[in-house]
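Trainee: Before we look at anything in detail, could you show me how to read a few features of a structure, one after another?
Mentor: Gladly; let us open it and go through them in turn.

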Amino acid sequence: MKKLLKGCSGVLLLSLIFLGFYLYTAESSTKAPEQPIFFSHKIHSGDNQIPCQYCHSYVTESTMPGIPSMQKCMGCHTFIAGKDEEYKYDGKAINIQKEIQKVKEYWDKKQPISWIRVNYLPDFVYFTHKRHVLREGIECKTCHGEVEKMDVVQRVYRLQMGWCVSCHQEKAKDGDELTKLKDCLTCHK
Amino acid sequence: MIKEQGVFGIFSYIDSTVQAIKKLREADFKNLRVFSPFPSHEIEEALERRESIVRFFTLTGATLGALCGLTLTILTSLDWPIRTSAKPIVSLPPFMIFVFELTVLFGSLATLLGLLINSRLRRNAPRIMYDPRFSEDKFGIAVVCKIEDIRKVEEILKLSGADEIQFEGI
Amino acid sequence: MNQESALTYSKVNHDIIRMLDKPTVKWWSLFIFDLAVLAFGLFCFLYQVYTGLGVAGYRHPVFWAVYITNFVFWVGIAHSGTLISAILYLFRARFRMSIYRISEAMTVFAVLTAGLFPIIHLGRPWSFYWLLPYPNQRELWVNFRSPLLWDVFAVGTYLTVSSIFFFVGMIPDIAAIRDRVKEIPRKIIYTILSLGWKGSTWEWGHYTRAYFYFAAFATPLVISVHSVVSWDFAMSNVPGWHSTIFPPYFVAGAIFSGLAMVITLVVPIRKIFHLEQFITIANFEGMAKMIILTSLIVTYAYVVEFFMAWYSGNPYEWGQFMYRAKGDYALFYWIMIFCNSVVPLLLWFKKVRTNIKALFIISLFINIGMWFERFNIIVISLSHDFEPGGWGLYRVSWVELGVTAGSFAWFFMFFLLFIKILPALSISEIKEILPAPTREAKAR
Amino acid sequence: MSEIKKGGSTKPVLSKGEGLITGGIKRRDFLKILGVVGGTAAITGGCSPEPVEKIIPYVIPPDTIIPGIPKWYASTCMECPAGCGILVKNREGRAIKIEGNPLSPINSGGTCARGQAALQGLYNPDRIGGPHTRNSSGRLEPTAWDEAESILVEKIKEIRSKGNGNKIVFLTNNISGSLNRLIDDWVNALGGRHIVYETFSHEPLKEANRIAFGINKIPTYNIEKTKYLLSFGADMLETWLSPVQYARKFSEMHGYKNKSMGKFVQVEPRLSLTGVSADEWIAIRPGTEAFLALGIANAILSEGAASVTSGEADKLNRLVKDYKPDVVSLITEVPTETITRIAKEFVESRPSLALGGGAANTSSKSTETLVAINILNYIAGNVGDTVNFGDTLTLSNANSFREIASLVDSMSKSEVELLLIYNVNPSFTLPKTLRFDEALKKVPFVVSFSSFMDETTEQANLVLPDHTTLEKWGDYTHQDSVYGVIQPIMDPVFNTKSIGDVILSISKKIEGLESQFSSNTFYDYLRDSWRGIQTRLAPDKDFEAFWTDKVERGGIYREIAPIQVRLSQEVSTVSFSEPKFEGEGAIYFMAYPSYRYYDGRGANKPWLQELPDAITTAVWDTWVEINPETARKIGVREGDFLSIESPYGNITTQAYIYKGIRPDTIAVPIGLGHKSYGRYAQNRGVNPIEILPVLTDEASGGFAWLSTKVNVSKTGKREQLVKTQDSTSQEGRGIAQAITLKELESGVHEQHELGEKFDMYPPQKYIKHRWGMSIDLSKCIGCGACVTACYAENNIPVVGKGQVAKRREMSWIRIERFYHEDNGFDIRFIPMLCQHCGNAPCEPVCPVYATYHNHEGLNAMIYNRCVGTRYCSNNCTYKVRRFNWFTYNWPEPLNWQLNPDVSVRTKGVMEKCTFCVQRIRFGEDRARDEGRNVRDGEIIPACAQACPTKVIVFGDLKDGESTVSHLAKDERGYRVLQEVNTQPAITYLKKVTWDKA
């Protein structure tokens, strides 16, 4: 009888430890969402070498990077119709031209495309891209992963507090700076 | 566990029980097991048992607790130093409270452990060499002995006034 | 102890185990009513969690009220249990033997009740676990300088230790029950609980030793716990809270209220189960005397608080205490004085001390008085502190009353179950104080 | 349209689509990127579930909006006729905060609570969503714009065909500038009349000036220059003419600097908010101010101290000879020596200034009173110095009440066929006895341009809702020296249309008008009229440059010097007598304009409703102020419902026992008691105007507000009067401290030890800054602008009357008021907010570090870490922490105003003043980007910014050169409850009082 009890408690204890460990280091990546249009970052910034800031133009001046306007899309796609060929993406075959056609339709309807959000921060977190990209010169992929290798962007890091803090800790040069970087008010207002 | 064998006497009176114990020990039967419905000093003395070692468990537990209290508070405070009011990051006076609490906590748990281990409280129900009346009003002496000694033991128990005598494992 | 001579070991077993017979209709009806009240309390709590703490009567600047009052009240109740079982054990006070099991049970259940309130009163109860120092991905720890965290540890430890103490003390008695009951489910349960206790000498040896240590731990613990609870107030700077006298004052108060609660519980049990032989007038008198003592200590504290407020010339303190005596809450203040300082004076008379009915009524008064003591300390101080611009009044809401009622139901639920499932009196220890049966005695 | 998440909107906004692609003012378009408004979304627990969120890009990016970066646009506030210059913050296409325009000479940076609350007019959930017309069943039903306009066109055509153009009346408030011109021309072209109605139009001021100086205008007053201010019931810090301007000037005159300050004496039966700031309150018998003025004049003249020509002297002497101080004393119940003393002080401390004509004290003899006051100013040589007739008010153009009355009369005689109503609400602001509503029924067709469903609009046949000021183009002139530009801060929230555009577009459809009103939009019309201004003021400039410059600066600001005027002959014809009071009652009834609601137009803004009245701290309701003596007589306690009965009706409201009012007078604030006007205003409080008689100031035809005697009786009903501060005494605890000028001059007064004294603990270490604040009590007038500004900046929820009754208001800063009765009755204000203590009691008690002391001296509060033990607030010495008892909501579209840089708190967390940490961070970031240190005064919290009298100074205590660190060492400096050794970062400067005789 007591053996059984012991066993139970043992299992419980272990599972607790594992849970703690998971919460401590959890960095799962989520699968790519189904976007309204098949937009491949790989083709744009990978194959065609378009720099991130060409589309996400506010990244160095504002808190948020900005999602490219339809106008920006059409800026190129009035001229680039795309190849009329099947493009392979996880088992599916996608016709690039058709996808670009969709963008044109949106444009003609003067209707914005509603993308599914991939990288998400809770609302009580204040993160400024400007501060990180412009001043600290942190590369996009540090947080977003190698987007140029992804067709449909998916989240690479869960962007949890512990993850942010660890980076802040590394970046600090001296005690004072550490205090500043680990000040709660840095991200929570 | 190995099947024990021996003689097993049940008494109604404490003094006769004590007497029997004394006699048996004189007769050089040291492996006795005595049962009583309440902790009895006479019997303890008669058996000349040494001090329980539970106290060592207690000591270890308590010390461990104190250390845990100290390290937990100090290390976590230093891990992310956050200034509240003008108080120092490591402010020992309040931390002492945790040292104390954890001392008591771990101490008690260790003591419980010590009790369970030492008094072998692990089997579900006593099967052999036990009589339900022990928990009520009877005393008992179980003598583990060689087969040739059985008669002798029985003799002693009878003389010292055992109400009844049973034999285990024979 | 004259009638006790009639007691034999087997009678002890018989009488005490008899209490565990099939519950009567009365018991069941009581139990169901109790559950109903508990359900209502639970509803109130959930309603509060869903809508927000606003449904309670809190208002600026009174941010703590009935919930914390209940917390302190129940923790206080708990203390006398440990006092009777542990401290008196160390002092070898014989009159504890017959009542300590009940008071110990009371301790455990009271702590279980008290422990709920810190969570109930939280603004965001669902994240109460943030008060525990556990490793998390946020790399955040807790603030060990906060009295509230001292509470977490103190109460947690107290609950664990007193439960162990409670259980260990019962092992031999459970064994006794095991050896008597026949019907299968109970047999199995008691067998498991008794951990195969045989009452052999080596068991007794370690047992007594361990029990002694538990007592030795519980004694300072019980004092520390209520000191910590008092520090929740004393460590702040609120006039009426910030006072060095608080720890002894609270500990005394706790024991005071606890003893009263023991009487409140024991008197009916004694009556219902005809335990007059076990629980004698002498037992009650012993408690009554301790009540007088603690009542005097508490009264002394009341006086000293006032004196210090006046003598220190601190306008905030003095303002606070004049407000207590004359302000909006004066009624509650005087109720407290009457119940805690005046009523117990009756116990100076042996007639009253030895009159069960009188004791019972007085104990009820004390329970009420002590509840109001906590209410006064918490609410009145908060409503009238440093900054006149921030002063405001508090009114209790039905939700708070519901939860409070629920907490009593919660406590009595455990108690009712205890009476029917576990030995309410200590079999083996009562035997200790009976004269051991010897052949000489027989012969004579 | 796109749905925007929490803090955003799902309300479809017409023409948004077009707005995006075709012309329109793109920079003001709504943001289409979701998540960036996330800042306004609620905080949740530790690890929040991650909802599927949409991000929606612009179709075409607006030219100047960068998501996440605020833009400021200059405009003009239209919450009252003062027309202060404002700057409006635009984030992601939304107006989220209003601040005073530092360039504007009117308010130079400050605002009042009403100005701050203009946003809640813009986003008011009860605005009229689009044009409405009355259907057959007599109910107003929505319609389309062209539909609505054509209805109006048809009506006008019909009327003109009958040749009844003269029966068209356009009733507006005092809209000066281009719109005024447009309406004038337009209605004239139709043959009708344009009548300007202002509830408080101060006709007696004009008339008195005409009589005394032959100038039929309202001048401006250079209060800042005066050393001695004598006000006969002018509530210049509340609603009188230009409150923010005069508050600023007053603080310059009365604020303590280098060992001196001006003196301010207030003469009025009820101690008003303005009077509270006075050094001396003279509780004069209602309506007898004239005699006091004459008495003073008499004393001055008999002393021969007057600076007038001998001729004038005789003339005046003849006028005032009967009013010897002792005589006057009998009439006015002001002691003789007081009169002579004031007379002495008034001439000796020059330049002095005498003011008068506050609405509440306007009696049937106000013109005479003001003539007397003019005489005072004249003989003290203030006219042409502190009284500036060079720079007069456009308010002078408003029609008198008498004219309004005659309009109502002609309406009831069905002499009006078409009534167009804009920005006025006569059925609320006119006394019931005038029977405006009945008259309105006689008008066949009524058009309202109101954006809100007020009492008058409810009776209109056609409703053509105008934009609010923040959505449209326009201009406004309050005084000759200022041309303010009104520019749209954002696209219209609702389907509304600028009145100017409506007039222009319907003119197109009416023959004879199309040529005269050729401009396509009012914007063009406006620019044309500004071309005129440019050719007048800056002929050499190129217009576009001129225009953009003015739009950026918010308008044209000039200096106009005072002109010299002499006393006119007519003065000597004036005869003085006591005013008429209607009703047999024993008690004077005073209905005073509320500084929160003005004439009632503020009542639909929750911020103003929840802003505690400075004197009573009451909210969300009306009350009647009654002297304790009188109260004792009729056995009234606070909260009792009193029935106030005049010959014209009675009102019932709760009593507030107030020592600051004469025993023979009771007072009720104007502004509440609306029958409609939206959820916040409706059926709340009572409207004292209802029981006033139609009595005018005889000479000027202005409405006589102080003209009734009433009976007061108990109804027996009693309720808690909902207010935010119960205690009126500070129990000698030195919360709001004061010091006399003498003590300061002599320098003998105990100075507070402000240095960090011995401490068990090591001193706090501050890395770069230690933010601190100083609050000068000698300047605080208790106007509450800071409170409302804080609500706007920090997303502070409004909790409503029921919750305030439980003292659960959420304001981070509160104005505490304490009554002093030691020598005379006197009230002190003290703004109380988080002191950001160096040794904060709240911090160590939090079990989860949700509040702590950061390296910049901020007492940080991390909402999302808070579990809600509330211990911090218990331990807070100043009780400035607020708890979220519930999750509070902002009804659509009020939530559009939420500041994206500040978390919206949810139920169960503590919150409090953060010194506007978001602004601090913004300033620091900018400094870092520009590679420099933060400049002193660069970072200003919302409260300090809004304060019209610049009471609050914010800065870095670590930098020894900063203003605030100097003030922290000021001799008047003290810290509230510093004996508790919390070492606050806020230093209060003691109020300075003149030694009372």
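**Reading aromatic pairs, interfaces and backbone details**

Mentor: Let us begin with a single side chain: D:Phe543 is buried, since its relative accessible area is 8%. Please keep in mind throughout that this is a predicted model.

Trainee: Which residue forms an aromatic pair with D:Phe543, and how are the planes arranged?

Mentor: A pair of aromatic rings is described by the distance of the centres and the angle of the planes. In this case D:Phe543 pairs with D:Phe546 at 6.4 Å centre to centre, and with 35° between the planes the pair is classed as tilted. The two residues sit three apart in helix H19 (residues 543–553) of chain D, so about one helical turn separates them. D:Phe546 is buried as well, with a relative accessible area of 2%.

Trainee: What does a stacked pair look like in chain C?

Mentor: Across all chains the structure holds 111 aromatic pairs. One of them joins C:Phe307 and C:Tyr311, which are stacked, with 5.2 Å from centre to centre and 15° between the planes; the angle counts as stacked because it falls under 30 degrees. Both residues belong to helix H9 (residues 281–312) of chain C, where they are four residues apart, about one turn of the helix. As for accessibility, C:Phe307 is partly exposed at 40%, whereas C:Tyr311 is exposed at 57%.

Trainee: How many residues of chain B and of chain C are in contact, and how much area do the two chains bury between them?

Mentor: The size of an interface is often given as the accessible area lost when the parts come together. For chain B and chain C that value is about 5600 Å², of which 68% is on carbon and sulfur atoms, and the contact involves 71 residues of chain B and 60 residues of chain C. Between these chains there are zero salt bridges, while nine residue pairs are in polar contact, counting those with both residues at pLDDT 80 or more. On the chain B side, the elements giving two or more residues are helices H1 (14–26), H2 (41–47), H3 (54–79) and H4 (92–118), along with strand S2 (32–35). H4(B) gives the most, with 18 residues. Sorted by class, this side has 36 nonpolar, 21 polar and 14 charged residues.

Trainee: Where in the backbone do cis peptide bonds occur in chain C and chain D?

Mentor: One joins C:His60 and C:Pro61, with omega about 0°, and C:Pro61 lies in the loop between helix H2 (25–51) and helix H3 (66–90) of chain C. Another joins D:Glu892 and D:Pro893, with omega about -10°; here D:Pro893 is placed in the loop between strand S33 (882–883) and strand S34 (910–911) of chain D.

Trainee: What is the phi of A:Lys110, and is the residue buried or partly exposed?

Mentor: A:Lys110 is not a glycine, yet its phi is positive, at about 50°. The residue is found in the loop between helix H5 (96–108) and strand S3 (115–116) of chain A, and with a relative accessible area of 29% A:Lys110 is partly exposed. D:Tyr598 also has a positive phi, near 55°, but D:Tyr598 is buried, with a relative accessible area of 2%.

Key. Residues are numbered from 1 along each chain as its sequence is written. Chains are lettered from A and ligands numbered from 1 in the order in which they are written. This is a predicted model: local features need pLDDT of at least 70, side-chain atom pairs count only at pLDDT 80 or more; totals for chains, interfaces and linings use all residues. Side-chain values use heavy atoms; hydrogens and water are left out. Contact means heavy atoms within 4.5 Å. Buried area is the accessible area (1.4 Å probe) that two parts lose on being put together, summed over both. A salt bridge is a side-chain nitrogen of Lys or Arg within 4 Å of a carboxyl oxygen of Asp or Glu. A polar contact is a pair of N or O atoms within 3.5 Å; within protein, one must be able to donate a hydrogen and the other to accept it, and residues adjacent in sequence count only if both atoms are side-chain atoms. Ala, Val, Leu, Ile, Met, Phe, Trp, Tyr, Cys and Pro count as nonpolar, Asp, Glu, Lys and Arg as charged, and the others, Gly among them, as polar. Rings of Phe, Tyr and Trp (its six-membered ring) pair if their centres lie within 6.5 Å; planes under 30 degrees apart count as stacked, over 60 as edge-to-face and the rest as tilted. Buried means under 20% relative accessible area, exposed over 50%, partly exposed in between (1.4 Å probe, protein chains only).
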